Amino acid sequence: MEAPAPGAPPEPGDDETRRRLDAYAYLSAPERLEHIAIMRVFCGTLLADLAGPDVMAKLRESSGPGARLDADTLTARLEQLEKWGNLLRGSHTVKASSITEYQRSRARYQLSRLGERIQRDADGVVAEADAAREVSNELLALVERGLRELAELVSEPGGIAPQDGLERVSTLFVQFAEFAESIRDFYAYLGQVLARYDLNSAEYQGFKELLLDYVEAITEDVAFRAPRISAALDTLWPHLPPLLERLDAHAQGLAGLTPQGEGHSENRVQRSRGRELADWEGLRGWFSDTAGQGSQVDQLRDATLRALQSLLANAKRMLRSATGEMSRRRDLLRLARWFDEAAPQDAHDIAVAAFGLYGARHLGIPPSTDEVVPAYTSWWTGPVVEVPVALRERGSRAQRGRTSSVEDHSAQKERLRVAARERAAGRKAAADELRSASGRFDDVRLTSAALNLLLELLATALGNAQLKRRASAAGERASWFGLDAAWSEDADLAIWLTVHRTAGARTLLHSADGDLLLDDLELVIGRTSATADDEAEVNVS
């Protein structure tokens with residue numbers, strides 16, 4: 001890390017930066033109007049300590065936002081401004097004739113330098129933020145003449161008198177600072193106007209005169225004088241170091257009264273403009289390209305070109321409107337008024353009617369077919385739907401580019417056919433296993449496929465059964481039901497199943513998935529065939 005240059009002011013640390021920024025807090029606080037009124041009271045004085053009663057009396061005279069403050073509230077506001085760094089505790093001795101007067105006047109405050117500067121800038125923003133500031137164009141000619149005369153005087157034998165040089169340098173930089181500040185303010189206002197694309201005829205006429213007359217005159221004058229100022233600075237540049245030394249030796253100002261070295265970092269002095277070489281480098285960089293950075297003159301030219309392009313765009317819009325083409329300016333202003341006056345729900349309805357902007361789930365792009373999204377799923381947590389580029393960027397649903405070739409699904413079809421054949425073969429093997437195990441189910445362990453087929457046939461048979469109530473031998477009320485026509489078959493597998501209900505019967509089936517016990521049921525399995533042998537029934541118990 002490089003060491004700071006001797007005599008250079010130290011960079012503020014994080015704590016110092018935070019302390020300075022805290023001084024702006026009163027401008028955004030909820031009680032900002034009362035804080036501003038109090039700060040204006042202190043800004044109207046010089047090196048004056050004011051107590052709470054003094055501030056309250058001045059607030060009552062102004063009849064502003066702070067006129068209604070009571071003593072306790074005003075004390076709280078003053079303490080808060082002191083905490084932010086806008087005010088300082090007064091050091092003057094309090095003279096009071098009574099204890100009551102001492103208690104009211106013991107807390108005295110005065111304006112801090114940072115607070116005074118912030119309040120002055122805030123008042124300037126409030127008073128002139130929207131006003132167009134005129135450019136002091138005549139100051140540029142004075143800057144050119146002052147530089148040329150100063151270059152001639154320092155080149156003469158013996159140089160320029162120190163007092164004369166000090167006056168010329170101070171005058172030169174005051175003129176340049178005023179001109180540069182007016183340029184910045186004017187082009188900031190111009191940028192605010194450029195952001196509008198709904199100018200009517202009267203506004204357009206004023207904008208046109210502003211650009212074509214005023215701005216063009218400024219740009220031409222700056223472009224004419226910038227080379228001359230750069231040439232005068234080139235002539236003056238070798239003589240600047242000895243000139244600044246002579247000026248410092250003649251009048252050091254506060255810099256000569258400030259102690260140097262450690263322990264005196266808070267006594268930094270902001271010197272007058274033009275007394276440091278950095279000020280001259282900034283002046284030179286404004287008019288000429290230095291160190292590869294564009295000059296302010298080039299930026300001025302580019303900004304003027306953009307302003308003219310914006311003027312041309314508004315002119316084209318107005319010409320289209322005059323030739324019969326539709327201009328929606330009046331309709332859009334009416335729509336904006338409806339939005340401003342509508343309740344929240346009515347504003348949503350107006351947006352739907354005017355622009356067709358419905359909820360996110362009504363975009364018209366269906367999700368993937370393999371995703372089932374319930375209607376109550378929020379769009380925030382739901383799956384993302386890919387929006388085509390043409391629809392996202394241009395709002396077009398038309399297909400673009402060449403039609404893609406038809407995709408070949410023969411391999412997929414072959415895989416599906418193989419899988420179907422394997423499933424059919426597995427079911428046929430399960431049917432053969434059931435038929436071969438008939439009559440000896442107690443000694444056979446069925447596979448999972450055979451048991452699943454048996455359960456499928458059994459469920460179908462029970463679903464087709466007809467239940468009949470049967471009475472007991474003694475003629476009492478029926479205590480159990482019988483099964484009639486409990487029968488099912490699978491013609492593709494050539495297998496059928498019949499279920500009979502028999503009291504005390506037990507059917508036990510062993511399988512790889514476990515044992516199945518059927519109480520009071522008997523199963524009859526056979527093959528569906530035209531031969532007599534195939535129609536033989538097999539009793540399973």
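Leu50 stands opposite Tyr109 in strand 3, where strands are DSSP runs of E of at least two residues and helices are DSSP runs of H or I of at least four, both numbered from the N terminus. This is a predicted model, in which local features need pLDDT of at least 70 and side-chain atom pairs count only at pLDDT 80 or more, while totals for chains, interfaces and linings use all residues. Residues are numbered from 1 along each chain as its sequence is written, and side-chain values use heavy atoms, with hydrogens and water left out.

**Overall composition**

- The protein chain has 17 helices and 10 strands.
- Of its 541 residues, 28% count as buried; buried means under 20% relative accessible area, exposed means over 50%, and partly exposed lies in between, with a 1.4 Å probe and protein chains only.
- Among contacts (heavy atoms within 4.5 Å) between residues at least 6 apart in sequence, 61% join residues at least 24 apart.

- An open sheet is formed by 3 strands in the order 1-3-2, with antiparallel pairing; two strands pair if DSSP finds at least two bridges between them.
- The edge strands, strand 1 (50-51) and strand 2 (87-89), each pair on one side only.
- Strand 1 is joined to strand 3 by 2 bridges, and the two run antiparallel.
- Strand 2 is joined to strand 3 (residues 108-111) by 3 bridges, also in the antiparallel sense, and Leu87 stands opposite Leu111.
- In a regular strand the side chains alternate between the two faces of the sheet.
- Helix 2 (residues 32-43) lies across strand 1, strand 2 and strand 3 and runs at about 80 degrees to strand 3; axes are lines fitted to C-alpha atoms, for helices over the stretch in contact, and angles run from 0 to 180 degrees between N-to-C directions.

**Helix 17 and its surroundings**

- Helix 17 (residues 448-464) has 17 residues and reaches 24 Å from its first C-alpha to its last, close to the 24 Å expected at 1.5 Å a residue; the expected span is 1.5 Å times one less than the number of residues.
- Ala450, Leu451, Leu453, Leu454, Leu457, Leu458 and Ala461 are buried in helix 17.
- These residues cover an arc of only 160 degrees around the axis, which puts them on the same side of helix 17; the arc is that of the directions from the helix axis to the C-beta atoms.
- The buried residues of helix 17 pack against helix 16 (410-436), strand 4 (445-446), strand 7 (486-490), strand 8 (495-511) and strand 9 (514-526).
- Strand 8 and strand 9 pair in the antiparallel sense over 12 bridges, and a hairpin joins the two strands through 2 residues.
- Within this pairing, Leu508 stands opposite Leu517 in strand 9.

**Salt bridges**

- A salt bridge is a side-chain nitrogen of Lys or Arg within 4 Å of a carboxyl oxygen of Asp or Glu, and by this rule the count comes to 22 salt bridges.
- Glu144 forms a salt bridge with Arg228, with the closest N and O atoms 3.6 Å apart.
- This pair links distant parts of the chain, since Glu144 is in helix 7 (residues 138-155) and Arg228 in helix 9 (residues 201-236), 84 residues apart.
- Glu144 is buried, with a relative accessible area of 6%, whereas Arg228 is partly exposed at 43% relative accessibility.
- Arg417 and Glu414 meet in a salt bridge at 2.8 Å, N to O; both lie in helix 16, 3 residues apart, about one turn of the helix.
- An α-helix has 3.6 residues a turn, so residues three or four places apart point the same way.
- Arg417 counts as partly exposed at 42% relative accessibility, and Glu414 is partly exposed at 35%.
- Arg427 and Glu456 form a salt bridge through their side chains (3.3 Å, N to O).
- Arg427 lies in helix 16 and Glu456 in helix 17, so this pair ties together parts that are 29 residues apart in sequence.
- Arg427 is partly exposed at 34% relative accessibility, and Glu456 is partly exposed at 38%.
- Salt bridges that share partners join Glu144, Arg148, Asp221, Arg225 and Arg228 into one network.
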